[in-house]
Amino acid sequence: MRQAGRYMPQYRELRRRHTFLEICRNPELIVATTLLPIDLLDVDAAILFADILLLAEPMGFKLHFDDHQGPLLSPQLGSTRAVDAIPPSPDNIYEVFSGTAAAIRELKRILKIPLIGFAAAPFTLASYLIEGRTSRDLSVTKRWLIEDPESFHALLEKICSYTVEYLRLQAEAGAAALQLFDSWACQLSPSQFASVCVPYVEKLRNSLPDIPIIYFCRGTGCYIDELARMKVDVISADWSCDLAQLRGALPATMAIQGNLDPIWLYAKPHEAASIVRRLLDEVFPDPAYIFNLGHGIPPDVPLETVQAVVAAVKEYSR
Ligand code: CP3
């Protein structure tokens with residue numbers, strides 16, 4: 001969950017010399033950036049340095065990261081006809097992501113801890129393709145879903161077929177688990193969530209080799225019943241839900257990850273550490289809980305606070 005990033009002086013230094021996309025496309029830089037949090041934070045798992053939007057390119061979209069506006073995709077997907085124009089067969093994924101595969105193989109050789117690969121969950125990638133950028137309310141996406149559900153589902157199907165290939169490449173190269181990010185699921189009603197998120201995540205799950213699947217969605221607290229029925233191995237929670245309630249609803253075979261609001265990283269290091277201990281007291285001694293944040297690390301938090309949080313978790317579990 002954004003382990004590496006602008007809160008790290010070492011990452012900022014790398015970004016002075018390379019654009020974000022240059023790093024994402026260069027195997028040596030992917031390896032170096034993925035390793036940064038391992039050296040600086042001593043976390044128990046690494047997450048591949050990449051982005052959920054990279055998959056838009058083999059689907060025919062141009063991706064650009066603007067320092068002020070964030071990600072921009074063009075053309076903005078505007079109509080049923082444009083869905084038809086997306087190449088039906090994702091046969092260039094292994095070519096486009098050969099650098100990613102090489103980086104994963106090298107990381108597998110170097111790392112003594114598991115490497116997590118990832119992709120967007122289909123609904124969230126669809127929302128970026130439709131909006132062309134980060135949108136706070138997803139009004140264009142939700143209007144499309146209401147006006148033309150058939151083409152919306154056709155788009156999700158197409159995204160699924162690309163995502164399966166992309167995740168298969170990561171699994172084959174050596175990822176130990178795969179995380180799906182449904183960052184914008186929080187804009188849906190529970191019944192829309194059941195219709196546009198759940199079936200496509202399960203489709204991915206069923207099309208992939210036997211590898212643990214972690215599902216993250218924002219708005220976790222709104223969808224507890226749907227999540228409990230979902231066929232994934234780990235639910236990665238934001239901070240909208242009560243952990244005891246989530247644990248009570250999920251089958252014992254499903255692990256839970258996350259839940260700490262990253263805004264706590266703005267507290268003083270000792271305060272953030274004590275909030276972490278309080279959270280762990282709540283879940284202790286659940287063996288199926290993985291400490292993580294409820295979303296990514298903000299770019300301007302002090303590195304020392306992130307280090308204090310990781311140290312508090314390690315101390316607690318000793
Ligand atoms: O943690 C890691 O080291 C893995 C890398 C990772 C990134 N993005 C790198 C990144 C992961 C897991 C992601 C996932 C991702 N990307 C999501 C899902 C998680 C979430 O945040 O909800 C989303 C929605 C994106 C799309 C995205 N990428 C946005 C909206 C932005 C801009 C936001 C911002 O902070 O400017 C990015 C850029 C991005 N992806 C950065 C990093 C390190 C910052 C890029 C930079 O300027 O250096």
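This is a predicted model: local features need pLDDT of at least 70, side-chain atom pairs count only at pLDDT 80 or more; totals for chains, interfaces and linings use all residues.
Residues are numbered from 1 along each chain as its sequence is written, and side-chain values use heavy atoms, with hydrogens and water left out.

**Ligand site**

- The side chain of Y11 places an N or O atom 2.4 Å from a ligand oxygen atom.
- A polar side-chain atom of H295 is 2.5 Å from an oxygen atom of the ligand.
- D51 has a side-chain N or O atom 2.7 Å from a nitrogen atom of the ligand.
- The protein buries 89% of the 880 Å² that the ligand exposes when taken alone. Accessible areas come from the Shrake-Rupley method with a 1.4 Å probe.

**Open sheet**

- Seven strands form an open sheet with parallel pairing, in the order β1-β4-β5-β6-β7-β8-β9. Strands are DSSP runs of E with at least two residues, and helices are runs of H or I with at least four, numbered from the N terminus. Two strands pair if DSSP finds at least two bridges between them.
- β1 (46–47) and β9 (289–290) stand at the edges with a single partner strand each, so one side of each has no neighbour in the sheet.
- Five bridges link β5 (residues 177–182) to β6 (residues 213–217) in the parallel sense. Q179 sits opposite I214 in β6.

- β2 (residues 62–66) and β3 (residues 70–74) run antiparallel, joined by five bridges.
- K62 faces S74 in β3.

**Backbone features in loops**

- S74 and P75 are joined by a cis peptide bond, with omega about -5 degrees. P75 lies in the loop between β3 and α4 (80–85).
- A cis peptide bond also runs from F284 to P285, with omega near 0 degrees. P285 belongs to the loop between α14 (269–283) and β9.
- D42, a residue other than glycine, has a positive phi near 65 degrees. The loop between α3 (27–41) and β1 contains D42.

Technical notes: A polar contact is a pair of N or O atoms within 3.5 Å; within protein, one must be able to donate a hydrogen and the other to accept it, and residues adjacent in sequence count only if both atoms are side-chain atoms.
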